[in-house]
Amino acid sequence: MGKDGTLDADEFGLFYYAGRSGCVFDLYGEDRNFSDDKFKGSCTGSGLLVNDNTESYRNRDAYAWKVATDKDLDGNVGEIPSKYEGNASATFKNKISSSTYTLHP
């Protein structure tokens, strides 16, 4: 589960392009450093590094997720509520480097 290029139920996804298009980096558990993660699948962005390379998101998890502009959840940190989707703000667009789930919906 997770990191297979398919955004399943109970996962959080970061997309290569705005509008939840292009490849998706799907997470089931936290990843505190995206520097060694690549997009998978036959989609725009496939094979490229995820770090500082995402423009939108979709949270299919029951829990909220935090994203940060630096590894280890450092830098600017934002929270994406359960079942929410949208485009990254200027603060986070192509700057997300780590993520984790929270313990609240």
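Rings of Phe, Tyr and Trp (its six-membered ring) form an aromatic pair if their centres lie within 6.5 Å; planes under 30 degrees apart count as stacked, over 60 as edge-to-face and the rest as tilted. The model is predicted, and local features need pLDDT of at least 70, side-chain atom pairs count only at pLDDT 80 or more, while totals for chains, interfaces and linings use all residues. Residues are numbered from 1 along each chain as its sequence is written, and side-chain values use heavy atoms, with hydrogens and water left out.

**View 1. The aromatic cluster of Phe 12, Trp 65 and Tyr 101.** These three residues form one aromatic cluster. A search of the whole structure finds 6 aromatic pairs.

**View 2. The edge-to-face pair of Tyr 16 and Phe 39.** The ring centres of Tyr 16 and Phe 39 are 5.7 Å apart and the planes stand at 80 degrees, so the pair is edge-to-face. Tyr 16 belongs to strand E1 (residues 12–17), whereas Phe 39 sits in the loop between strand E2 (21–27) and strand E3 (56–59); the pair links distant parts of the chain, 23 residues apart. Strands (E, at least two residues) and helices (H or I, at least four) are DSSP runs, numbered from the N terminus. Both Tyr 16 and Phe 39 are buried. Buried means under 20% relative accessible area, exposed over 50%, and partly exposed in between (1.4 Å probe, protein chains only).

**View 3. The stacked pair of Tyr 57 and Tyr 84.** Tyr 57 and Tyr 84 are stacked, with 6.3 Å from centre to centre and 25 degrees between the planes. Tyr 57 is in strand E3 and Tyr 84 in the loop between strand E5 (74–80) and strand E6 (85–87), so the pair ties together parts 27 residues apart in sequence. Tyr 57 counts as buried because its relative accessibility is 11%. Tyr 84, at 43%, counts as partly exposed.

**View 4. Strand E1 and its two partners.** Of the 6 residues of E1, 5 are buried, so this strand is largely enclosed by the rest of the structure. Two strands pair if DSSP finds at least two bridges between them. E1 pairs with E2 in the antiparallel sense over 5 bridges, and Tyr 17 has Ser 21 in E2 as its bridge partner. The hairpin of E1 and E2 has 3 residues between the strands, and in it Gly 19 takes a positive phi near 75 degrees. E1 also pairs with E3 in the antiparallel sense, over 4 bridges; here the bridge partner of Gly 13 is Arg 58 in E3.

**View 5. Thr 69 in strand E4.** Thr 69 lies in strand E4 and is buried, with a relative accessible area of 12%. A polar atom of its side chain lies 2.9 Å from the backbone nitrogen of Asn 76. Not counting residues up to four places away in sequence, Thr 69 touches several residues, including Asp 52, Asp 74, Asn 76, Thr 91 and Phe 92. Contact means heavy atoms within 4.5 Å.

View 6. Lys 71 lies in the loop between strand E4 (65–70) and E5. With a relative accessible area of 48%, Lys 71 is partly exposed. Not counting residues up to four places away in sequence, Lys 71 touches Arg 32, Asn 33, Ser 97 and Ser 98. The C-alpha atoms of Lys 71 and Ser 99 are separated by 8.5 Å, although these residues are 28 apart along the chain.

Terms used
Polar contact = N/O pair within 3.5 Å; in protein donor to acceptor, adjacent residues only side chain to side chain.
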